[in-house]
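Please open the model in your viewer and keep the sequence panel beside it. The stops below say what to select next and what is there.

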Amino acid sequence: MNLGITDPYTCCPVYETGSFSLRLVQMDDAADLLRCYSDPDSHPLFNSDNCHSDFRMTTLEEMGRCIEAWLGEYKTRAYVRFSIVERKSERAIGTIEFFTRKLVQGDEKGEAGILRLDLASEYEQADVLSEMIELVELQFPQHFTFSGVLTKAVPQAVHRVAVLQRLGYHKLERSRELPFGDYYIKYKQELYQ
């Protein structure tokens, strides 16, 4: 971690956009988030690569256990799981998970910011996706050290793929280092153009 960057695992940052706020997930979000994680139209778009769960939940108890696990991972500094709270309704409509990991891809080497963005299907729209991804690009470097943002978008996530392409993300081929498909990356020099 670079000097001058505030440690997000010591004091979790809160971010705001015009329509949403992001803050550390909390147990009180369970009922709201169950709407997202029990949404059959959202399930195919979730990224559960390297996870122990497919994030399909149907009960408050399951959602509560999941939030408890996310908070436990935060305490071990594995990742931060933010709730995306719609400011107008004050409801959590999805989550963002973010962490950094070493990535070697061809000639590129560096620390990648891994972005998982889960939204209830009614929010899987270009304007919401742009607002979230641009927030990550602009605000997260204050708290995380990374040389690019890596995120997954399956082909049926047509709005997400279109937003990523419009924002300058490049699709990566599977490799020994990245054995999963449908990943897109934007390197740091491209983040600040």
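## Aromatic rings

Select Tyr-15, Phe-82, Phe-98, Phe-140, Phe-144 and Phe-146, which ring pairs link into a cluster; rings of Phe, Tyr and Trp (its six-membered ring) pair if their centres lie within 6.5 Å, and planes under 30 degrees apart count as stacked, over 60 as edge-to-face and the rest as tilted. This is a predicted model, in which local features need pLDDT of at least 70 and side-chain atom pairs count only at pLDDT 80 or more, while totals for chains, interfaces and linings use all residues. Residues are numbered from 1 along each chain as its sequence is written, and side-chain values use heavy atoms, with hydrogens and water left out.

The structure holds 14 aromatic pairs. For one of them, select Phe-20 and Tyr-123, whose ring centres are 6.5 Å apart with planes at 80°, so the pair is edge-to-face. This pair links distant parts of the chain, 103 residues apart, with Phe-20 in strand S2 (residues 20–24) and Tyr-123 in the loop between S5 and helix H3 (126–139); helices (H or I, at least four residues) and strands (E, at least two) are DSSP runs, numbered from the N terminus. Phe-20 is buried at a relative accessible area of 3%, and Tyr-123 counts as buried at 10%, where buried means under 20% relative accessible area, exposed over 50% and partly exposed in between (1.4 Å probe, protein chains only).

## Glu-97

Stay in strand S4 (residues 91–105) and select Glu-97, which is buried with a relative accessible area of 2%. Its side chain is joined to that of Arg-81 by a polar contact of 2.7 Å, a polar contact being a pair of N or O atoms within 3.5 Å; within protein, one must be able to donate a hydrogen and the other to accept it, and residues adjacent in sequence count only if both atoms are side-chain atoms. Leaving aside residues up to four places away in sequence, Glu-97 touches Tyr-79, Val-80, Arg-81, Ile-114, Leu-115 and Arg-116, with contact meaning heavy atoms within 4.5 Å.
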